[in-house]
Amino acid sequence: MTLLTADRAAQAVVPVQRRAVEPAAVPATAVGSAPAPLLRVAGVSLEYRTPERVVRATHRVDFDVYEADRFVLLGPSGCGKSTLLKAVAGFIAPIEGEIVLGGVPVREPGPDRIVVFQEFDQLPPWKTVAQNVVFPLRASGVLGRREAEARARHYIDKVGLSQFADSYPHQLSGGMKQRVAIARALAMQPKILLMDEPFAALDALTRRKMQEELLALWDEVRFTLLFVTHSIEEALVVGNRVALLSPHPGRVRAEVNSHDFDLHSVGSSAFQEAVQRLHERLFESDPNAAPGTPAAPR
C-alpha cells in the first residue's frame, strides 16, 4: 500500500454521453440548511485506452461525500471503482461531468487528496518509518523539518508504531507497512483520504485488525474517507454510506446507509441479511442497460 505519485497516473481518457442515474439517498445532515458536500462527483464518465480499444470504465456516476463521512464505493471487479478513485485524486480527467472538492473543481493531483493503495511493499527501503512519513511533508513544502518530524511522530504514534519509528520497511510485517502508509497519508492532513482496497492483500485476521484500527483512528481524528472495496462485508463494516456500482461499465445502482453495522455486527442475522440484499442488488439486471445487454453473472 503506497501513496499515489505522478509516475503512477492512469491512462488517458475520452468523453462519453451523459444520462441520469438512480437518485442516491443522502444522510439527514445533508438536508435543508446543512453544509454543502465536501466532495461532489456529478455525472462523471471515465474511459481508458488499451492497445485494442477504448474501454468505458464508468458512466455518469453521481455521489456526494460529506465532511467526516466514511463513504464506500462497492462493486465487482471491472466496475470502475478504482478508476473513480484515481479521478478524484486528479490523475484521470473525466470525459464528462465534474469532480468538485471543497467548492473547487479537481483538475490535477494535490496534497488535499492522499491515496493509499493495497500495495504496501513499496515504501522506500532506505528510509526508516519516521523518514517515510516525513518525506511527503518535506517534499510538498507543507512543513519545515522540525514541524514535519513532530507531526510524523504524532501520526506514527496514532497507528501504534512509535517503537518502530526508526525501523526499516524490511523489518516490518505487511500490516505494519500498511500502518506506515496510513500514518504517512494522515500526516498530510488531507481534506479527504482515498483508500483503494487497502486490506485486500492481507490474511483474514490481519485484515480484521486493520479494519478495527482504521475505525479507531476515524473515531479519534474524524477524517473524511473515500474507500474502495469489492467485499460487501467490508463495505458495511468500514462505511457509514455505501454506493453500489453496477458491473462494467460502472453506474450507481443505489446508495445505502450502513451506520448501523460495525465489526461486532458481522455474525448477526441482520448483518447477513444486509449482505445478501446488497449482493442481489449488485448483480441484478440493469434496467438502464441497452436492449440485448446480458445481465451480469452471479
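**Entry 1**

I began with strand β5 (residues 104–105), which is joined to β4 by 2 bridges, the two strands running antiparallel. I was working on a predicted model throughout. Within this pair I looked up Val 100 and found that its bridge partner in β5 is Pro 105. The two strands form a hairpin with 2 residues between them, and in the turn I noted Gly 102, whose phi is positive at about 60°.

I then followed β4 to another partner, and recorded that β4 (residues 96–101) pairs with strand β1 (residues 39–49) in the antiparallel sense, over 5 bridges. In that pairing Ser 45 stands opposite Glu 96 in β4.

**Entry 1: the open sheet**

Next I wrote down the order of an open sheet of 6 strands, which reads β6-β7-β8-β3-β9-β10 and has mixed pairing. I asked myself which strands stand at the edges. They are β6 (113–117) and β10 (252–257), and because each has a single partner strand, one side of each is left without a neighbour in the sheet. Direction ignored, I noted that neighbouring strands of this sheet are turned by 20° against each other on average.

Inside the sheet I checked β3 (residues 70–74) and β8 (residues 225–229), which run parallel and are joined by 5 bridges. Here I found Val 72 opposite Phe 227 in β8. I also looked for what lies across these strands, and recorded helix α5 (residues 204–221), which lies across β3, β7 (192–196) and β8 and runs at about 165° to β8.

**Entry 2: helices α2 and α4**

I turned to helix packing, where a pair is described by the angle between the axes and the distance between them. For helix α2 (residues 129–139) and helix α4 (residues 174–187) I noted an angle of about 30°, with the axes 9 Å apart.

Which residues make the contact? On the α2 side I listed Val 129, Asn 132, Val 133, Pro 136 and Leu 137, and on the α4 side Val 180, Ala 183, Arg 184 and Ala 187. Sorted by kind, the residues of this contact divide into 7 nonpolar, 1 polar and 1 charged.

I then looked up two residues that have a positive phi without being glycine, starting with Gln 189, where phi is near 50°. Gln 189 sits in the loop between α4 and β7.

I placed Glu 197 in the loop between β7 and α5. With a relative accessible area of 10%, Glu 197 is buried, the cut-off for that being under 20%.

**Entry 3: the whole chain**

Last, I collected the totals for the chain, which has 7 helices and 10 strands. Of its 298 residues, buried ones make up 54%. Among the contacts with a separation of 6 or more, I noted that residues 24 or more positions apart account for 72%.

How values were computed
Residues numbered from 1 in each chain as written. Predicted model: local features only at pLDDT ≥ 70, side-chain atom pairs only at ≥ 80, totals over all residues. Heavy atoms only, no water. Axes fitted to C-alpha atoms, helices over the stretch in contact; angles between N-to-C directions. Helix = DSSP H or I, 4+ residues; strand = E, 2+ residues; numbered from the N terminus. Contact = heavy atoms within 4.5 Å. Nonpolar A, V, L, I, M, F, W, Y, C, P; charged D, E, K, R; others polar. Pairing = 2+ DSSP bridges. Buried < 20%, exposed > 50% of the residue type's maximum accessible area, 1.4 Å probe, protein only.
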